[in-house]
Amino acid sequence: MNMRRLLVILVALVAFLPCVAENYPYRSDVLWVTVPDHHDWLYKTGEKAVIDVQLYKYGIPVDNVTLDYTLADDMMPVDSKGSATFKDGRAKIVLGTMTRPGFRDCVLTATVDGEKYTHHVKVGFSPEKILPYTEKPADFDQFWAKNLDELREVPLSYTMKPVPEYTTDKMDCWLVNLVTTSQGQSIYGYLFIPKGAEPGSCPIVLCPPGAGIKTIKDPLRHRYYGENGCIRFETEIHGLNPEMTDEQFKEISKAFSGRENGYLSNGLDNKDNYYMKRVYLGLVRAIDFLTTLPEWDGRNVAMQGGSQGGALALVAAGLDPRVTACVANHPALSDMAGYKAGRAGGYPHFFRVEGMDTPEKLNTMAYYDVVNFARNVKCPVYMTWGYNDNTCPPTTSYAVYNVITSPKEALITPVNEHWTSEATERGHLTWIQKHLK
């Protein structure tokens, strides 16, 4: 390929990137391309990894520019550093190897025309052998069985309100407030049902949210579920009415979103009082509600979510045998204590906050860690994750995937950070449809 044709392709690629690749800054003049010498970015322990690094400005290869880099295990402190020089836009870095299964992270820095630019790339070493540090408590199953028994004593209670602004020509929308505890705590969700659906004709897809104190801001983002024959329930987990004003929401968010007093650490000293207990049980109560709908086909209950939502999808699949299919993107809350093994742990990365590494908190984490629910999953599972993710690092996604014993498939997208493309999202519906009973 001649240089002129290469530049045309690169300029076109840069123009297209804002739509598909959040790894790169929007409308950036600079493009990084990192190419490991193994096409799948994977090596066996003991094998040496080499990265070809390319850097372009305006689609033109940079020349005689210094490339600085640091190396570290996934989410761990830097253990080595070095530099190289770009020649015609290219430089090579030897990452070395690992003696135990895991990931190495190479952070790249270059100054071009006075501006500093950074990028990073992670490669894996025998990640199929990664096992969680987190162990399953001896009474894990009994603990959750007891809580489920108590949930069944709470009468099913909810309200449904039509929402014309989210109703389309193919589906109707309701705002649901569903009581999830004996204390009257509840969750909100937008329920979508295909227009004119016959009784017993529709599979269920329950979609719990990503992390944060937030309401449901874009309920139509997955409209293609309801418009393709599925009952879909898009929820939040805090009892926050999505119709509240922005001012009301900001007040609540400021009060409960702090690192030290956030909901994910609320009650972590005691497994019976931990905030996420009501959230996990709320998933089962949502299935209780959805399976009363006359349009439900009586067979199919699918879970689908990403990050915290991916974690909750797997939790529901491990808790409730009615779940028949589960789709999870880069699940959070996975092998959270992994840092105790000197490697990456799962979001919310408790061990970065002083005072979180206590026996009481570690004990509670084990009862709520996704790996222990994944061990109980019986239905088919479809997981997706990327290697460059520093929110839900790939080490923890493998820790979950590797303990699942039910039928499973993985879509691994190495370049991805903490995001999924629209094509990947739509592919989740396709996978669910192929696994309908």
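Against which helices do the buried residues of H7 pack? They pack against helix H2 (140-152), helix H5 (275-290) and helix H8 (370-374), where a contact means heavy atoms within 4.5 Å. The buried residues of helix H7 (residues 359-368) are Lys361, Thr364, Met365, Ala366, Tyr367 and Tyr368. Buried denotes a relative accessible area under 20%, exposed over 50%, and partly exposed in between (1.4 Å probe, protein chains only).

This is a predicted model, in which local features need pLDDT of at least 70 and side-chain atom pairs count only at pLDDT 80 or more, while totals for chains, interfaces and linings use all residues. Residues are numbered from 1 along each chain as its sequence is written, and side-chain values use heavy atoms, with hydrogens and water left out.

**The chain as a whole**

The chain contains ten helices and 18 strands. Helices (H or I, at least four residues) and strands (E, at least two) are DSSP runs, numbered from the N terminus. The radius of gyration, taken over C-alpha atoms, is compared with a globule rule of 2.2 Å times the number of residues to the power 0.38. A compact globule of 437 residues would have a value near 22 Å, and the chain, with 23 Å, agrees with this. Of the 437 residues, 55% count as buried. Among contacts between residues at least 6 apart in sequence, 71% join residues at least 24 apart.

**An open sheet and its edge**

Five strands form an open sheet of mixed pairing, in the order E2-E9-E8-E5-E6. Its edge strands, E2 and E6, each pair on one side only. Two strands count as paired if DSSP finds at least two bridges between them. In general, strands of a sheet pair through backbone hydrogen bonds, either parallel or antiparallel. Strands E5 and E6 pair in the antiparallel sense over seven bridges.

| E2 | 42-43 |
| E6 | 80-86 |

**Phe86 in strand E6**

Phe86 is found in strand E6, and Phe86 is the bridge partner of Val65. How large is the relative accessible area of Phe86? The value is 0%, so Phe86 is buried. Leaving aside neighbours within four places in sequence, Phe86 is in contact with residues including Trp32, Val53, Leu55, Val65, Leu67 and Ala110. Phe86 and Leu55 are 31 residues apart in sequence, and their C-alpha atoms are 7.9 Å apart in space.
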